[in-house]
Amino acid sequence: MFNALFYQPLYNALVYLSSIVPGNNIGLAIILLTLLVKIVLLPLYHKAATTQAKMRKIEPEINRLKDLHKDNKEELAKKTLELYRLHQVNPFLSIVIIFIQLPILIALFYVFQNNFVFEPKLLYSFVTVPPHLVTTLWGISMTAKSIVLAVLTGLTQFVQMQIALPKLAKPETGKADSFKDDFARSMNLNMKYFMPVLIAFFAYNLSSAIGLYWVTSNIFSIGQEIYVRLKIKK
């Protein structure tokens, strides 16, 4: 099922794109493949980004409900769900997006791991391997490690996290932070600062092709997040 739904379609898409891009450049094919994947998933990503923006907007109301029903968890859950329905918010949609993106990333890892030596037996009947394949883009080999792409991956991930994640409210003076507040603040800081470093580390230790995919994907997501913010604000 994994091969049929993820690996083979991405494998054939990369081969096909590499045969039609200028100079049969695999780097350009990877960029186009990334954009194609993002466009196919755009409705889900757009809905998830819109949901996150709405969640930030109704956060004061959620905090008010927490204070109002702090001694009645059942009533708090009921009122929170009513608020979500009123604003058409699905807080679990972002988790769905992660689960969809994960098998795609794993499939791309396997697609890129053979240094782009394509196997005809994995190709669809209408896809042919280009006779000459260029594996270098802007002086960067797609079959080797690249510190440049790793740094760009980390930087673009950092910018995306800064835009996507909400700013945490400052703790009230004289009020002790709860464990939940401390945990939320810790998770927020880890996602904003530690996660980009970790992803840059992974990007460097994998092939440049993965780094190029990540950079392209992050730039697309940054533009999408800005668009959603402006649209909701308008």
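Helix axes are lines fitted to C-alpha atoms over the stretch in contact, and angles between them run from 0 to 180 degrees between N-to-C directions. Helices (H or I, at least four residues) and strands (E, at least two) are DSSP runs, numbered from the N terminus. The structure is a predicted model, in which local features need pLDDT of at least 70 and side-chain atom pairs count only at pLDDT 80 or more, while totals for chains, interfaces and linings use all residues. Residues are numbered from 1 along each chain as its sequence is written, and side-chain values use heavy atoms, with hydrogens and water left out.

With these terms, the axes of helix α2 (residues 26–40) and helix α3 (residues 42–68) cross at roughly 65° and come within 4 Å. Contact is counted where heavy atoms lie within 4.5 Å. On the α2 side, Lys 38, Ile 39 and Val 40 take part, and they meet Leu 42, Pro 43 and Tyr 45 of α3. Five of the residues in this contact of α2 with α3 are nonpolar, one is charged and none is polar. In this grouping, Ala, Val, Leu, Ile, Met, Phe, Trp, Tyr, Cys and Pro count as nonpolar, Asp, Glu, Lys and Arg as charged, and the others, Gly among them, as polar.

The chain as a whole contains eight helices and two strands. Along the sequence these elements follow the pattern α-α-α-α-α-β-β-α-α-α. Of the 234 residues in the chain, 38% are buried. A residue is buried under 20% relative accessible area, exposed over 50%, and partly exposed in between (1.4 Å probe, protein chains only). The accessible surface of the chain is about 14400 Å², and carbon and sulfur atoms account for 66% of this surface. Accessible areas come from the Shrake-Rupley method with a 1.4 Å probe, and for residues only the protein chains shown count as cover. Among contacts between residues at least 6 apart in sequence, 79% join residues at least 24 apart.

Thr 135 lies in the loop between α5 (93–112) and β1 (136–137) and is partly exposed, because its relative accessibility is 23%. Thr 135 and Gly 27 are separated by 108 residues in sequence, while their C-alpha atoms are 6.6 Å apart in space. When neighbours within four places in sequence are left aside, Thr 135 is in contact with Ile 26, Phe 116, Ile 140, Ser 141, Met 142 and Thr 143.

Two residues other than glycine have positive phi values. The phi of Asn 24 is near 50°. Asn 24 is placed in the loop between α1 (2–20) and α2, and this residue counts as buried because its relative accessibility is 18%. The phi of Trp 138 is near 55°. Trp 138 belongs to the loop between β1 and β2 (140–141), and its relative accessibility of 66% means that Trp 138 counts as exposed.

Side chains of opposite charge can pair when their charged atoms come close. A salt bridge is a side-chain nitrogen of Lys or Arg within 4 Å of a carboxyl oxygen of Asp or Glu. The whole structure holds three salt bridges. In one of them, Arg 64 pairs with Glu 61, and the closest N and O atoms are 2.8 Å apart. Arg 64 and Glu 61 are three residues apart in helix α3, so about one helical turn separates them. Arg 64 is partly exposed at 42% relative accessible area, as is Glu 61 at 31%.

Glu 82 forms a salt bridge with Lys 79, with 3.9 Å between the closest N and O atoms. Both residues lie in helix α4 (residues 73–86), three residues or about one turn apart. Glu 82 is partly exposed at 32% relative accessible area, and Lys 79 is partly exposed at 29%. Lys 121 and Glu 119 also meet through their side chains in a salt bridge (3.9 Å, N to O). Lys 121 is exposed, with a relative accessible area of 71%, whereas Glu 119 is partly exposed at 31%.

On the surface, Ile 147, Val 148, Val 151, Leu 152, Leu 155 and Tyr 204 form a nonpolar patch with about 520 Å² of accessible area together. Patches are made of residues with over 30% relative accessible area and no salt bridge; like charges are joined within 9 Å, and nonpolar side chains (Val, Leu, Ile, Met, Phe, Trp, Tyr) within 5 Å. Helix α6 (residues 147–164) contributes the most to the patch, with five residues. Leu 155 is located in helix α6.
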